[in-house]
Amino acid sequence: MGPRIVFAAVPFVIAILSLMNCTRYAAQSATEYQVKAAYLFNFLKFVEWPQDSPPDPQAKWVIGIVGDSPVGTELSKLAEGRNVLGRDLQIKKLQAADNLRSCNILFISETERKHVPAILTALRGSSVMTVADMDKFIESGGMVELGMDDARVRVTIDVGATDRAHLKISSKLLALARAVTATVKKTDN
């Protein structure tokens with residue numbers, strides 16, 4: 001990877017790097033997992049949650065991590081002592097069976113692939129943004145997929161899924177995405 005990591009949208013990368021404000025990140029090339037962690041951190045700024053989620057506007061932002069992934073470790077380092085839009089940030093390590101609705105963003109690692117259907121079913125009707133770095137996550141019903149393409153982290157967003165969760169995605173984030181899909185919720189007959 002090293003210097004071959006190139007980002008598609010310069011303004012978003014500048015925002016990510018300015019928020020990091022850490023010399024260790026500036027002194028070395030960012031790894032795939034650091035970039036994915038920076039995306040998770042910055043999604044909080046580019047997504048609008050419903051007024052009642054969470055009910056207390058001073059509540060902490062919560063990013064949950066389900067499964068084992070270096071993204072969780074990098075996100076914990078990045079988020080330490082920081083706040084976003086005036087709210088503190090908490091990173092929670094969770095199990096698939098935990099109450100996942102307490103999160104604003106839930107990152108599901110590849111190690112939890114077999115639990116994805118159950119996780120997404122448990123979150124149906126909530127305003128939790130689901131993100132994963134596994135192939136076909138969008139097709140499984142997830143909202144945001146972080147994938148690698150030519151040593152670059154690429155974002156795919158399903159605006160159908162985010163709309164159903166009452167999440168408003170910033171046009172800046174949508175412009176950054178490699179692909180934006182709009183799945184239609186299947187109805188039972």
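1. Glu32 belongs to helix α3, which spans residues 32-46; helices are DSSP runs of H or I with at least four residues, strands are runs of E with at least two, and both are numbered from the N terminus. Glu32 counts as buried because its relative accessibility is 12%, where buried means under 20% relative accessible area, exposed over 50%, and partly exposed in between, with a 1.4 Å probe and protein chains only. The side chains of Glu32 and Lys36 are joined by a polar contact of 2.5 Å. A polar contact is a pair of N or O atoms within 3.5 Å; within protein, one must be able to donate a hydrogen and the other to accept it, and residues adjacent in sequence count only if both atoms are side-chain atoms.

2. The model is predicted: local features need pLDDT of at least 70, side-chain atom pairs count only at pLDDT 80 or more, and totals for chains, interfaces and linings use all residues. Residues are numbered from 1 along each chain as its sequence is written, and side-chain values use heavy atoms, with hydrogens and water left out.

3. The protein chain contains 7 helices and 10 strands. Of its 189 residues, 47% count as buried.

4. Helix α5 covers residues 116-123, and its buried residues are Val116, Ile119, Leu120 and Leu123. These residues lie on the same side of α5 because they cover an arc of only 95° around the axis; the arc is that of the directions from the helix axis to the C-beta atoms. An α-helix has 3.6 residues a turn, so residues three or four places apart point the same way. Pro117 and Ala118 are exposed, on the face of α5 turned away from its buried side.

5. Which strands do the buried residues of α5 pack against? They pack against β2 (61-66), β5 (105-108) and β6 (129-132). After α5 comes Gly125, with a positive phi near 90°.

6. The largest nonpolar core has 38 residues, and those with the most contacts inside it are Phe43, Ile105, Met129, Val131 and Val144. A nonpolar core is a set of buried Ala, Val, Leu, Ile, Met, Phe, Trp, Tyr and Cys residues joined through side-chain atoms within 4.5 Å. Helix α3 gives the most to this core, with 9 residues. A second, separate core of 15 residues includes Val62, Leu100, Val116 and Ala132.

7. Not counting residues up to four places away in sequence, Val131 touches several residues, among them Leu40, Phe43, Ile105 and Val144; a contact means heavy atoms within 4.5 Å.
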